[in-house]
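This report describes a protein chain, beginning with a single residue and widening to the whole fold.

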Amino acid sequence: MLNPVVQYHGKWPFHRILGVQEPCSVVFSLLNLLAHRKGLAQIRDKIPASYPLRKYYVSFGYTGIASWVFSMIFHTRDFDLTEKLDYFAAGASVLYGLYYTPIRIFRLDQHKPPFKATLLRLWTVTCVLLYVAHVFYLTLWRWDYTYNMAANVAAGVVQNILWSTFSVRRYQRLKKPWAAWPGMIVAWIVLAMSLELLDFPPLKGLLDAHSLWHLGTVGPTIWWYK
């Protein structure tokens, strides 16, 4: 490998293992997948089917699993198709988080008062249209990395603000440690995402900032399902 290590078309070179282009990112993506899989099993085991929010929790688990499956595929072999599937799945996961957040915080799943049901329908249609427009723009108009990043960050920031505010207010009211968990998890995820800013050459040709970000999201995912 060259010394100093340089990027090629904005990407660092990695040592391949069994043909896998970015081994650490694949392993850490698998850990996230397993965290969602375990969390989904806990939901099915501990939450009654009659609980109104259960279906949203289950969907959260499935979108998480899908996003990490495609992340593993992309980091195994970087092709045009695998890149698009990774980005679209990650976008769906982030947008679903934005979709689910106000439903949980404001309990839009409840049908009383009646306007909540209307709000839920409008919010559902809005999120579906946003995702369809997002995919169509990237597919049919222009594959724009800057736009894609901005869209995901914007969706992430909004839900992080909502969860942090919810967490602070709930903790102030209940004075229970677990009431602060959502805000603490959000802080952890933000710190993990900030690892992307480091963007250093892969250590030993294997471990880079992007893979560390994937590693950093395993813990909060496990915690979230609790």
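Leu34 lies in helix H1; helices (H or I, at least four residues) and strands (E, at least two) are DSSP runs numbered from the N terminus. The model is predicted, with local features requiring pLDDT of at least 70 and side-chain atom pairs pLDDT 80 or more, while totals for chains, interfaces and linings use all residues. Residues are numbered from 1 along each chain as its sequence is written, and side-chain values use heavy atoms, without hydrogens and water.

Leu34 is partly exposed, at a relative accessible area of 41%; this class lies between buried (under 20%) and exposed (over 50%), with a 1.4 Å probe and protein chains only. Together with Val27, Leu30, Leu31 and Leu215, Leu34 forms a nonpolar surface patch of about 370 Å² accessible area. Helix H1 (residues 23–46) supplies the largest share of this patch, four residues. Patch members have over 30% relative accessible area and no salt bridge, nonpolar side chains (Val, Leu, Ile, Met, Phe, Trp, Tyr) being joined within 5 Å and like charges within 9 Å. A salt bridge is a Lys or Arg side-chain nitrogen within 4 Å of an Asp or Glu carboxyl oxygen.

The protein chain has eight helices and zero strands. Its radius of gyration, taken over C-alpha atoms, is 19 Å, close to the 17 Å that the globule rule gives for 226 residues, so the chain is as compact as a globular protein of that length. That rule is 2.2 Å times the number of residues to the power 0.38.

| Property of the protein chain | Value |
|---|---|
| Buried share of the 226 residues | 42% |
| Accessible area (Shrake-Rupley method, 1.4 Å probe) | about 13300 Å² |
| Part of that area from carbon and sulfur atoms | 70% |
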